[in-house]
Amino acid sequence: MALQLDVVLTKQKKEKPDFGRLGFGQHFTDHMFIMDYNPEKGWYDPRIVPYAPVTLDPAAMVFHYGQAVFEGLKAYRTKDNRILLFRPEKNMQRMNISNDRMSIPPVDEAFLLDALKKLVEIEQDWVPTAPGTSLYIRPFIFSTEPYLGVRASQTYKLLIILSPVGAYYAGGMTPVKIHVENKFVRAVRGGTGNAKTAGNYAASLKAQNEAKDLGYEQVLWMDGVEGKYIEEVGAMNVFFKIKGEVWTPALNGSILDGVTRNSVIHLLRDWGIPVQEKRIAMEEIYQAHLNGELEEAFGTGTAAVISPIGELNWNGNQLCIHEKSVGELTMKLYETLTGIQYGEVEDKYGWTVQVNETVASS
Ligand SMILES: *Cc1c(COP(=O)(O)O)cnc(C)c1O
């Protein structure tokens, strides 16, 4: 039976926040998407409704055993008022990869993407206009069955909420200082590292806090088995430019398969720059730095797109990268990706998806 999307519009629209001072994830739009799952009906009752709290039984399994996955993508407004998504089908695919790992039933990716587009179209006035701003889209699923036995829940909810967000680099792009984490790990072989699941974040907060106390903005995670090989930086994938080549950790099951990571690899190959996805020991990066061969380093993720790394703190060594300024390749990747996202650079890969019908604006 085909799913039928129901739409109930709000009678009372919210007052919009000051689009000049949005920050990240603090304001939410007038509507949300929600649907439910039970074993008899599968996913059912998909609807766009006024944004409102969700009521849950205190025994809802998500509170106790944490079956929860999420996605993150953005809608961008172009100068000619088109609203674009960037490779949204990848987020839908990844949600099902996360679902599979967390024993959550799969969703119909095409249906969910249509519902997401419909929601963004309804909320198009919430897509801000200033350069670098966007509408952040957060699809998520959690278990709802009231039961304290340990097994997969039989019922779930899937929601999509939207949040207008400010420019990540409001004050210009500045390289970050990173602490190479040698006490805590984010993921282990056979664990949940390649799923976008809430628990991975819960487990990362303590390391993040301790790095902040030491004066670093993010941590660089090492592998959970030997503690030697580079995995990710905070909630971003990581790249190093060494002697004209670009290296990034291979997808080994404990790393998140980032859409931005995938896009960066694609661009680099298209530009004829050698890229290697491989196991990278932190020692190799240290040696490259000592030899003056570590040219640039950056993280990749939807929120920042590209985040230049200016310093790595590893076992008491401070590795200063590109004199703590933004590298040329780092900048070119940032400008190309954001250019495609905002419709200013030709999208020759077919990465963007337009959401709204444009009406000639005066
Ligand atoms: C979401 C996420 C990323 C980045 O993925 P994008 O699809 O590029 O936004 C990287 N690492 C982790 C752990 C993440 O959760």
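A salt bridge is a side-chain nitrogen of Lys or Arg within 4 Å of a carboxyl oxygen of Asp or Glu. By that rule, Asp-36, Arg-47 and Lys-157 are linked in a network of salt bridges. The model is predicted: local features need pLDDT of at least 70, side-chain atom pairs count only at pLDDT 80 or more, and totals for chains, interfaces and linings use all residues. Residues are numbered from 1 along each chain as its sequence is written, and side-chain values use heavy atoms, with hydrogens and water left out.

Arg-47 and Asp-36 meet through their side chains at 2.8 Å, N to O. Arg-47 sits in strand E3 (residues 42-50) and Asp-36 in strand E2 (residues 31-38), so the pair ties together parts 11 residues apart in sequence. Strands (E, at least two residues) and helices (H or I, at least four) are DSSP runs, numbered from the N terminus. Both Arg-47 and Asp-36 are buried. Buried means under 20% relative accessible area, exposed over 50%, and partly exposed in between (1.4 Å probe, protein chains only).

The structure holds 16 salt bridges. Another joins Lys-241 to Glu-295, with the closest N and O atoms 3.1 Å apart. This pair links distant parts of the chain: Lys-241 is in strand E12 (residues 237-242) and Glu-295 in strand E15 (residues 294-301), 54 residues apart. Lys-241 counts as buried because its relative accessibility is 18%. Glu-295, at 26%, counts as partly exposed.

Now step back to the domains. Domain 1 covers 6-166 and domain 2 covers 176-341; these bounds come from an automatic or database domain assignment. Their C-alpha centres lie 27 Å apart. In contact across the boundary are 19 residues of domain 1 and 20 residues of domain 2, where contact means heavy atoms within 4.5 Å.

The area buried between the domains is about 1,700 Å², and carbon and sulfur atoms give 59% of it. Buried area is the accessible area (1.4 Å probe) that two parts lose on being put together, summed over both. In domain 1, Phe-70, Phe-86 and Arg-94 lose the most area to domain 2, together 35% of what that side buries.

What is the count of salt bridges between domain 1 and domain 2? It is 0. Strand E4 (68-70), strand E5 (73-77), strand E6 (83-86) and helix H2 (88-101) each supply at least two residues of the domain 1 side that touches domain 2. H2 gives the most to that side, with 6 residues.
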